[in-house]
Amino acid sequence: MSRKTRGFPLSLFKISARAAFGLALTLLPSSASLSSAPCQAAAGRQPDLKPRLDPSPAAQQVAPQAPRPLANRVVLLDAGHGGTDPGTMWGNYKEKNITLAVVLSLKAKLIALGARVETTRDTDTTVALQDRLDKSNQTCPDVFVSVHVNAVKSSAINGIETYWYDQRDQALADLSLSTVATNLKETPKWSHQRTLKVLHDNNVPATLVEVGYLTNARTRKLLVTKSYQDRIASALADTLLAYFKNPNSERGCPLVA
Ligand SMILES: [Zn+2]
């Protein structure tokens, strides 16, 4: 599909669709309506209700494709834990499964928006922290986003937290906190600097997002459902849309002098 075709104005398409509908109506007998057509057929008359194809060039245009605001963006998604490392657990609920479900949902959403998406894992496999970091530094995506689920002794605590290490990462972490908390109607607890393996020495803007507490009963009920996992993914997709929309946002590995 050429750029020209992709950019075919939506307004023209709407006009064409309206014109086609109008044409269909003009083909009806003057006394006919769409709802009365079956009665006419039953009476033995066979009115031609099929709209004829409009041979004009405008009518032959295909429907415009969905916009691709993340075209040319590369995102590396990191589903926390996996394989022999379940992360935090509550009964049969395991952090590694929730993070993977969110990442796979987010991956699909970002691809639909035009991004190229890499993952540190897309199955239930064990991946060392160093390998996750190495993948980021070897492939130099625009950004690195790690997804985790929180746990704490007090079951009363809930909310969203994000982490960053390098000053260069803070804008991404701050935006992740505000967007995810707002979209999920959760408390934005903090965006803190912290020495975490996948953030420390990561050459690209990187953040780790704690999307909720498995130890909080209300949040736990949500976290284990597909619909809420998709909502988290949508919130993270919104984060990246806003991040990349800002021309001042940092991206990729620093240029080597
Ligand atoms: Zn974790």
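Modeller: Two residues are in contact here if their C-beta atoms, placed from the backbone, lie within 7 Å. The model is predicted: local features need pLDDT of at least 70, side-chain atom pairs count only at pLDDT 80 or more, and totals for chains, interfaces and linings use all residues. Numbering starts from 1 along each chain as its sequence is written.

In helix H7 (residues 170-184), Leu172, Leu175, Ser176, Thr179, Val180, Asn183 and Leu184 meet Arg231, Ile232, Ser234, Ala235, Leu236, Asp238, Thr239, Ala242 and Tyr243 of H9. By class, this contact comprises nine nonpolar, five polar and two charged residues. Helices (H or I, at least four residues) and strands (E, at least two) are DSSP runs numbered from the N terminus. The axes of H7 and H9 (residues 226-245) come within 9 Å and cross at roughly 135 degrees, the axes being lines fitted to C-alpha atoms over the stretch in contact, with angles from 0 to 180 degrees between N-to-C directions. H7 is therefore oblique to H9, a class left after roughly parallel (under 35 degrees), roughly antiparallel (over 145) and roughly perpendicular (65 to 115). The crossing of H7 and H9 is right-handed, the near helix being turned clockwise from the far one by less than a right angle.

Helix H6 (residues 129-139) packs through its buried residues against strands E1 (74-79), E5 (143-150) and E8 (206-213). After H6 comes Cys140, with a positive phi near 50 degrees.

Methods:
Buried ≥ 20, exposed ≤ 12 C-beta atoms within 10 Å, placed from the backbone. Nonpolar A, V, L, I, M, F, W, Y, C, P; charged D, E, K, R; others polar.
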